[in-house]
Amino acid sequence: MNKSKDNKLLIVFSAVFYIITASLMLVGTFKDLTVNLMLFNPESSVSRFFESFGQVVYWGLWGPAFTIIFLCRRDLNESLGVIGKIIPFVKPVKNTEHGAYKFFNMLLKIVTAAAFFALAVIGWKKLIENVLKNIVGEGTISQAVYFIICAVFAAIMIFVFSKIDKNILRKLEALALAGVLLGIFYKIVEECKNITSRVRFREMVAYSNHFLNDKGLSEGKYSPLTSAMAENSDFSAFTNWYKIGSDMGIYSRADSFPSGHTNYGCTLFLTYPLCLAFDKLKKVAPFALSVSFLYVAFMGLTRIIAGAHYLTDVAGAAIIGYTLFLVVYKIYNVFTEKKIIG
């Protein structure tokens, strides 16, 4: 596909995406509780699986991203050259044999190597720890052991990735930076969820049936919720997505809007620019968009089934997540087209 076709595809896809999600927002605005009562099935093994592992596309972003950034480190003059493309008055140093230049160049190399290796370790830990704690249980493995495992794993991945052709690595560097920026945006959205103070559906079901929280924890024992429990539950704490809710001093999870799992699921849309960056993958770019959409849609459905979120929570999260992807994709295109990076 050429650039014009790429743009047309994304425009058409985006229009369809926003029409569908906006329509779901409208339906949910009037029928949120009705939809949850119809679909609530906390015993569903599929919804439990996606609750535990659905964010793997987000967890899996950080390790590879920082590993690539580590391998693409630049010396002082190269760094000044990149900055100079953004800020014209910044120029590379002419006399690279000067003692001061050599000192600061060496200092930069040491600091960036240490910093990006540490970030690579933390990035791989994000994936490995979140996967393992859902398999063996939280607290089973100590943080010290996690850091040792992830430091060794990061070193191995750096060695493996170093075998990739330098030109390919430079293309991946731009995508890695875009991924980090998108990941930061998604994390900010997550941190803002408490502002809405919207009580979760299953939180109300749990409390109405004498459990302490939405996971069915009562006096330290795990007591799973059932779909039948919704029939006689008190939903008086329910609020629409556009209103500030209240936990009434009862509920522990008044952070329903927007859905974090659905928002993080939008990370998968990064596969679209990944496909476009390489000629051999361009043909599957439309497929990447379609699969990403289906993943986000299915993620949202499982969150409603679990009672963790309402229809407007997942539709709103999809709109926010995809819009942030488009913003980052635009920044990525500007930087790559102007040869600033990549």
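**Notebook: cavity, pocket and helix contacts**

I began with the lining of the largest cavity, where the largest share, four residues, comes from α12. This is a predicted model, in which local features need pLDDT of at least 70 and side-chain atom pairs count only at pLDDT 80 or more, whereas totals for chains, interfaces and linings use all residues. Residues are numbered from 1 along each chain as its sequence is written, and side-chain values use heavy atoms, with hydrogens and water left out.

**Entry: the cavity**

I find that the structure holds one cavity of 30 Å³ or more, and the volume of the largest cavity comes to about 30 Å³. (On a 1 Å grid over the protein atoms alone, a cavity is a set of points where a 1.4 Å probe fits but cannot get out; a pocket is an open set with protein on both sides within 12 Å along at least five of seven lines; lining residues have an atom within 4 Å of a point.) Volume here is the space filled by probe spheres set on the grid points, which are joined across faces, edges and corners.

The lining of the largest cavity consists of Leu175, Ala178, Leu270, Pro273, Phe325, Val328, Tyr329 and Tyr332, and α7 and α12 (311–337) each give at least two residues to it.

**Entry: the pocket**

I then looked up the largest pocket, which holds about 1000 Å³ of space and is lined by 34 residues, with Glu51, Gln55, Arg202, Lys215 and His261 lying nearest its centre. Its lining takes at least two residues from each of α2 (45–53), α3, α5 (99–136), α7 and α9 (260–265), and I record its classes as 16 charged, nine polar and nine nonpolar residues.

**Entry: the chain**

Which elements does the chain have, helices, strands or both? I read 12 helices and two strands, these being DSSP runs numbered from the N terminus (H or I over at least four residues for helices, E over at least two for strands). From the N terminus on, the order is α-α-α-α-α-α-α-α-β-β-α-α-α-α. Along the principal axes, the C-alpha atoms of the chain fill a box of roughly 80 × 50 × 35 Å.

**Entry: helix pairs**

At what angle do α3 and α7 pack? Helix α3 (residues 56–71) meets helix α7 (residues 166–191) at about 135 degrees, with the axes 8 Å apart; axes are lines fitted to C-alpha atoms, for helices over the stretch in contact, and angles run from 0 to 180 degrees between N-to-C directions. The two helices, α3 and α7, are therefore oblique to each other (under 35 degrees counts as roughly parallel, over 145 as roughly antiparallel, 65 to 115 as roughly perpendicular, and the rest as oblique). I note the residues in contact (heavy atoms within 4.5 Å), among them Trp62, Phe66 and Ile69 of α3 and Leu172, Glu173, Gly183 and Lys187 of α7. The contact of α3 with α7 divides into 15 nonpolar, two polar and two charged residues.

Helix α1 (residues 3–39) packs against helix α11 (residues 285–305) at about 10 degrees, with their axes 12 Å apart, and that makes α1 roughly parallel to α11. Their contact includes Phe13, Phe17 and Asn36 of α1 and Pro286, Phe293 and Ile305 of α11, and its classes are 13 nonpolar, one polar and no charged residues.

For α11 and α12 I find axes that come within 9 Å and cross at roughly 155 degrees, so the two helices are roughly antiparallel to each other. Here Val296, Gly300, Arg303 and Ile304 of α11 meet Leu311, Val314 and Ala318 of α12, and the classes are five nonpolar, one polar and one charged.

**Entry: backbone**

Most residues other than glycine have a negative phi, and most peptide bonds are trans. The peptide bond from Phe257 to Pro258 is cis, with omega near -10 degrees, and Pro258 belongs to the loop between β2 (221–222) and α9.

Note on methods
Nonpolar A, V, L, I, M, F, W, Y, C, P; charged D, E, K, R; others polar.
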